[in-house]
Amino acid sequence: MKLTIGGEDFGSKMGNDQLHYDDFLPDFTLTNADGQTLTTKDLEGQLTLLSVVPSLDTDVCSLETAHFNQVASDFKGIKFITVSNDPVASQKNWCAAHDADGMEILSDANGSFGKAMHLYIPGFDHLARVVYIVDASGKIVYEQMVHEVSHEPNYDLVIKKLEKLTNK
């Protein structure tokens, strides 16, 4: 897969097994703000936007998460989730500092999600940046891999897809 960080190739270290359109989410665990473990099944049941970022402590990840937190209020009935490698305590601090109440922030500090989704970047020790929209059954209905990790996703494309899926 094509993936760079500051122009340096990291994609060859990840392989090409990332999930794409029409794939179902694999089994993984994540941790929520209360320290509870969530599984793939906990994310099913409604249309969900999954914004995957390396770390909320970086400017681009913070901007992306804040952007989707704001957009979430325009899409009632869609679950907005950000997944990062940050520990829960760091995520809670970020949420408090940014009034993040429109989405759920989940921790992949244990690496289960990154490994199952093939988004963990060896040598960088963080997740790749990708946006998925997943239907109620856990099937990926939209995928946008950001090929340069230091760049933001194309928000317009994501929002257009959300609007199409919700007939908005």
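**Surface, fold and helix α3**

The protein chain exposes about 7900 Å², with carbon and sulfur atoms supplying 48% of that area (Shrake-Rupley method, 1.4 Å probe; for residues, only the protein chains shown count as cover). The model is a predicted one, in which local features need pLDDT of at least 70, side-chain atom pairs count only at pLDDT 80 or more, and totals for chains, interfaces and linings use all residues. Residues are numbered from 1 along each chain as its sequence is written, and side-chain values use heavy atoms, leaving out hydrogens and water.

Five helices and 11 strands make up the list of elements in the protein chain (DSSP runs, H or I of at least four residues for helices and E of at least two for strands, numbered from the N terminus). The radius of gyration is 15 Å, close to the 15 Å of the globule rule for 168 residues, so the chain is as compact as a globular protein of that length (taken over C-alpha atoms; the rule is 2.2 Å times the number of residues to the power 0.38). Of the 168 residues, 50% count as buried (under 20% relative accessible area; exposed is over 50%, partly exposed in between; 1.4 Å probe, protein chains only).

Let us now turn to one helix. In α3 (residues 88-98), Val 88, Gln 91, Trp 94 and Cys 95 are buried. These residues cover an arc of only 120° around the axis, which puts them on the same side of α3 (the arc is that of the directions from the helix axis to the C-beta atoms). On the other side, Ala 89, Asn 93, Ala 96 and Ala 97 are exposed. Asp 99, with a positive phi near 50°, follows α3.
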